[in-house]
There are 2 protein chains.
Amino acid sequence: MSAEGCPACTGEWPARAHRILDCGTSVAYLHDDQFFPGWSVLVLKRHATELWQLAPAERSALMDELTRVAQALAAGFDAVKMNYELLGNQVAHIHWHLIPRRADDPAPRVPAWTVAHEPRRLAPAEMAERVARIRARLGA
Amino acid sequence: MSAEGCPACTGEWPARAHRILDCGTSVAYLHDDQFFPGWSVLVLKRHATELWQLAPAERSALMDELTRVAQALAAGFDAVKMNYELLGNQVAHIHWHLIPRRADDPAPRVPAWTVAHEPRRLAPAEMAERVARIRARLGA
């Protein structure tokens, strides 16, 4: 996938209302589906598809941003474990899924993707509240 | 999970015969199940469970190692896309899953975990050959 037609580059995805914070090389967004509370995505600002396409300093900065957001989500949503995933099977623009796995997780031993569930879409006000809460946790 | 009783710390897991390379802060192993050819895991040498428990330089080194192995696997197994996953839902010792997704992937748009299949265990000679091939690709 090239930058042209990439939904992360055109601004089509993720939804602007889900935007948490500009982290530097990346922007954090709350994921559409909040069945796993706090599930977020960290999207690289520029178009690249694989980690080796980044310069070492850029990769290091991205990973520091990922770590910072992961720690804030873990604290904010009482995660027992964080899951970090860079897949790009549908949108091949570097974006990390950050999934807090809590003590009340319905299937704590398996990847979130294998847990059958109805997507949980938040109402706009609830989405905005959650975004603001994470932003505050990030000191932003 | 503490270091005590951790299968990655006791040497119980991954299997020694699957060992590809000591990368520095981590060791690369071929995954048991080779249904997705080249699926490997990169295991941190010391016990830690989350990225924020690593010093920035250590995290950066780990990510450089992950990137190097990912690129070698992508080239060696003709990946269209690499998947990078740090989960720890079962073994909460930092280890990355690296999954080459090839053009002949049975379900290229979804995470590997959701693709129902019989695990493909290689015979010892085939496992050794594959390990050696990746090692050579890494210039080791």
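**Note on a predicted two-chain model**

1. Of the 140 residues of chain A, 36% count as buried. A residue is buried if 20 or more other C-beta atoms lie within 10 Å of its own, exposed if 12 or fewer, and partly exposed in between, with C-beta atoms placed from the backbone. This is a predicted model: local features need pLDDT of at least 70, side-chain atom pairs count only at pLDDT 80 or more, and totals for chains, interfaces and linings use all residues. Residues are numbered from 1 along each chain as its sequence is written, while chains are lettered from A and ligands numbered from 1 in the order in which they are written.

2. Chain layout. Chain A has three helices and five strands. Read from the N terminus, their order is α-β-β-β-α-β-β-α. Helices (H or I, at least four residues) and strands (E, at least two) are DSSP runs, numbered from the N terminus. The radius of gyration of chain A is 15 Å, close to the 14 Å from the globule rule for 140 residues, so chain A is as compact as a globular protein of that length. That radius is taken over C-alpha atoms, and the rule is 2.2 Å times the number of residues to the power 0.38. Along the principal axes, the C-alpha atoms of chain A fill a box of roughly 40 × 35 × 30 Å.

3. Contact range. Among contacts in chain A between residues at least 6 apart in sequence, 60% join residues at least 24 apart. Two residues are in contact if their C-beta atoms, placed from the backbone, lie within 7 Å.

4. Two strands pair if DSSP finds at least two bridges between them.

5. E1(A) and E2(A) pair in the antiparallel sense over three bridges. They form a hairpin with three residues between them. A:Gly24 in that turn has a positive phi of about 130°. A:Tyr29 in E2(A) is the bridge partner of A:Arg19. On to E3(A): E2(A) and E3(A) are antiparallel over five bridges, and A:Tyr29 has A:Val41 as its bridge partner there. Four of the five residues of E2(A) are buried, so this strand is largely enclosed by the rest of the structure.

6. Strands E4 and E5 of chain B. E4 (residues 79-86) and E5 (residues 95-102) of chain B run antiparallel and are joined by seven bridges. B:Met82 stands opposite B:Pro100 in E5(B).

7. Core. The largest nonpolar core has 68 residues, and A:Leu73 and B:Leu73 touch the most other members. Such a core is a set of buried Ala, Val, Leu, Ile, Met, Phe, Trp, Tyr and Cys residues joined through C-beta atoms within 7 Å. Leaving out residues up to four places away in sequence, A:Leu73 touches A:Gly38, A:Ser40, A:Ala79, A:Met82, A:Leu98, A:Pro100 and A:Ile134.

8. B:His18. This residue sits in the loop between helix H1 (7-10) and E1 of chain B. B:His18 is partly exposed, with 19 other C-beta atoms within 10 Å. Beyond residues up to four places away in sequence, B:His18 touches B:Tyr29, B:Leu30, B:Met127 and B:Val131. B:His18 and B:Met127 are 109 residues apart in sequence and 7.1 Å apart in space, C-alpha to C-alpha.

9. Symmetry. A rotation of 180° with 0.0 Å of shift along its axis superposes chain A on chain B (RMSD 0.0 Å). The two copies are thus related as by a two-fold rotation axis. In chain A, the C-alpha nearest the axis is that of A:Glu85, at 2.2 Å. Superposition is by least squares on the C-alpha atoms of residues with pLDDT of at least 70 in both copies.

10. Interface. 29 residues of chain A are in contact with 30 residues of chain B. H2 and E4 of chain A each supply at least two residues of the side that touches chain B. H2(A) gives the most to that side, with eight residues.
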